[in-house]
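Have the viewer open as you read.

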Amino acid sequence: MKKYIDQGKVDTRSGFGEGLLLAGRRNSNVVAMTADLKGSLKMGAFAKEFPERFIQCGIAEANMVGAAAGLAITGKVPFIGSFAEFVTGRVYDQLRQEVAYGHTNVKIASSHAGITLGEDGATHQTMEDIALMRALPGMAVVVPCDYNQTKNATIAAAEYNGPVYLRFGRPSVPNFTGADEPFEIGKIYKLNEGKDVTIAACGHLVWEALAAAEMLEAEGISAEVLNVATIKPLDGETLMESVAKTGCIVVAEEHNMAGGLGEAVAGVLAANRPAPMVFVNGADRFGQSGTPAELMKAYGLDAAHLAEAAKKAIAKK
Amino acid sequence: MATIEELTKISSQVRRDIVRMVTAAKSGHPGGSLGITDVMTALYFSEMNQAPETWTRSAKGQDAFILSAGHLAPVYYSVLARAGYFPVSELGSLRKFGSRLQGHPCVTDGLPGIFKPSGSLGQGLSVAAGIALGKKMDGDGNRVYCLCGDGESEEGQIWEAGMWAQHWQLDNLIAFTDWNGQQIDGPTKTITGIEDLSEKWSAFGWDVIVADGHDFQSILDAFKLAHNADGKPKMILFKTEMGHGVDFMAGTHEWHGKAPSAEQCTNAMTQLEETLGDF
């Protein structure tokens, strides 16, 4: 199978910080806003280079969303950054009214998503954010897989005309995509050709999917790996093409079963090309404190679990 | 710029529009709209640097108005139509299927004059503050106006916006509150501790101006005072009477969200002079 090299583990939020800086250099309308989480969101470099375009909002996320909508009305391209829970669930109505229904060009920079936020525990570990954002008409939902892709997705989000939900995380994860690979919102990236099973994943679970494909290869099973970096709008064509070939699919995400990538994929396949599916996700439960690695294992999101799921999918054919 | 005599004529017609629109729709919010009619008339026909011919949603090079208390849609629509933003004949379509005049304002169908959806309370002041900051960043010396309700100010986000606008010294932001002391469930005093609004806004570092929302001279003077570029955002507390101009609707929360019957509408029409021609 195609080999991917981990260029060194690094957090995806740092990819966002770098992408934000580059987007700010390209477009003087880009502004960065945060609710007292400049450091956690890695906005420091942007704030240093463009102090007049860095807008501190304090611990008041609702106002931050409204103010961002106002700035967008005047032609700015605001990135609003906070932890995933506090920039989705806490401000769902503000995002619905002012950003989605209000058609404002606001970019939601959502860090520390999922259980791999780790030690802080379930209050901070949102596993529902993708569902909330998918439900908003007109909202693009982007979940890049590593540092480089988060950087390039941030640049793409700045250039995209319309609201974007950009989800990334806290832990250091393998960085394996190209440093300057252009990112297209709405496209599934096929990382490995296979014929027995499709493994579709988003975020850092894409690396786990690649590792699972290697394990399967050792057992003579050929797995196709799809990086579903955009969950909405979903690239149904690539998805159906892959499943037409492999005949079954595993969908993996660091999210609740309800409303996540799995259900998005199921919706497309059920309507167009039904196929056996196995879902790998955090189920319908809250997270807990622990190291990211401990939690990935406990919640069944690591490569070993993905390989097992692939075999189950094949058995259902 | 309209004279006080002209403003008086326009506001009488706007009040007729409000009652007739809500009656035709068989639902809606007439009370608050009638109470803030004089202020909105003064804003659009005298105070604001904004014209239908040059209006864009970006508000570049002109003033912007944000309606935060979205249920005041009837007065907003009537004033916009009477000022020439869209045909007066469209007022009869309020709340009807396919209408650009949705029950609460929105930008979906591009109704001229509307900057944002309004309806979920407490959010408009933040948006207005964001536009005000955008104007500061762009060196655009125009102002942003924002209408809030006193009941609406029970929403915490209003006070988040209050802190933030003061911090960013948004003296180009002129917010005003329809201080009628009423909300759906009764007089504000009986609901929760929103008063004293004047002391609260002063404590938040805003310039506070109190004015009579049914006296055009008082309204215009208040807006003029609010032009003071002293680094502080402005809050005008307009004392108003809910349902003002129609005797059986005045001074009570009962008409916050209820449509008049055909007979009640006829009665109201005898109390409000038709000055510009009904829609």
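## Ground rules

This is a predicted model, in which local features need pLDDT of at least 70 and side-chain atom pairs count only at pLDDT 80 or more, while totals for chains, interfaces and linings use all residues. Residues are numbered from 1 along each chain as its sequence is written, and chains are lettered from A and ligands numbered from 1 in the order in which they are written.

Helices (H or I, at least four residues) and strands (E, at least two) are DSSP runs, numbered from the N terminus.

## Where chain A touches chain B

Contact here is defined by C-beta atoms, placed from the backbone, that lie within 7 Å of each other. By that rule, 22 residues of chain A are in contact with 25 residues of chain B. Helix 3 (61-73) and helix 4 (92-100) of chain A each supply at least two residues of the side of chain A that touches chain B, and helix 3 gives the most, with 9 residues. By class, that side of chain A has 9 nonpolar, 10 polar and 3 charged residues. In this scheme Ala, Val, Leu, Ile, Met, Phe, Trp, Tyr, Cys and Pro count as nonpolar, Asp, Glu, Lys and Arg as charged, and the others, Gly among them, as polar.

## A helix pair across the chains

The axes of helix 3 of chain A and helix 5 (residues 156-167) of chain B come within 8 Å and cross at roughly 70 degrees. That makes helix 3 of chain A roughly perpendicular to helix 5 of chain B (65 to 115 degrees; under 35 is roughly parallel, over 145 roughly antiparallel and the rest oblique). Axes are lines fitted to C-alpha atoms, for helices over the stretch in contact, with angles from 0 to 180 degrees between N-to-C directions.

On the chain A side, Ala62(A), Asn63(A), Gly66(A) and Ala67(A) of helix 3 meet Gln157(B), Glu160(B), Ala161(B) and Trp164(B) of helix 5 of chain B. This contact divides into 4 nonpolar, 3 polar and 1 charged residues.

## A helix pair within chain B

Helix 2 (residues 30-47) and helix 7 (residues 216-225) of chain B pack at about 60 degrees, with axes 10 Å apart. That makes helix 2 of chain B oblique to helix 7 of chain B. Asp38(B), Val39(B), Ala42(B), Ser46(B) and Glu47(B) of helix 2 make the contact with Phe216(B), Ile219(B), Leu220(B) and Phe223(B) of helix 7. The classes here are 6 nonpolar, 1 polar and 2 charged.

## Buried parts of chain A

A residue is buried if 20 or more other C-beta atoms, placed from the backbone, lie within 10 Å of its own, exposed if 12 or fewer, and partly exposed in between. In helix 1 (residues 12-26) of chain A, 11 of the 15 residues are buried, so this helix is largely enclosed by the rest of the structure. Among them are Phe16(A), Leu20(A) and Leu21(A).

Helix 7 of chain A has buried residues including Trp207(A), Leu210(A) and Leu216(A). Its buried residues pack against strands 8, 9, 10, 11 and 13 and helix 11 of chain A. Just after helix 7, Gly220(A) takes a positive phi of about 80 degrees.

Val31(A) sits in strand 2 (residues 30-34) of chain A and counts as buried because 24 C-beta neighbours lie inside 10 Å. Leaving out residues up to four places away in sequence, Val31(A) touches Arg53(A), Ile55(A), Leu71(A), Lys76(A), Val77(A) and Pro78(A).

Technical notes: Contact = placed C-beta atoms within 7 Å. Expected span 1.5 Å × (residues − 1).
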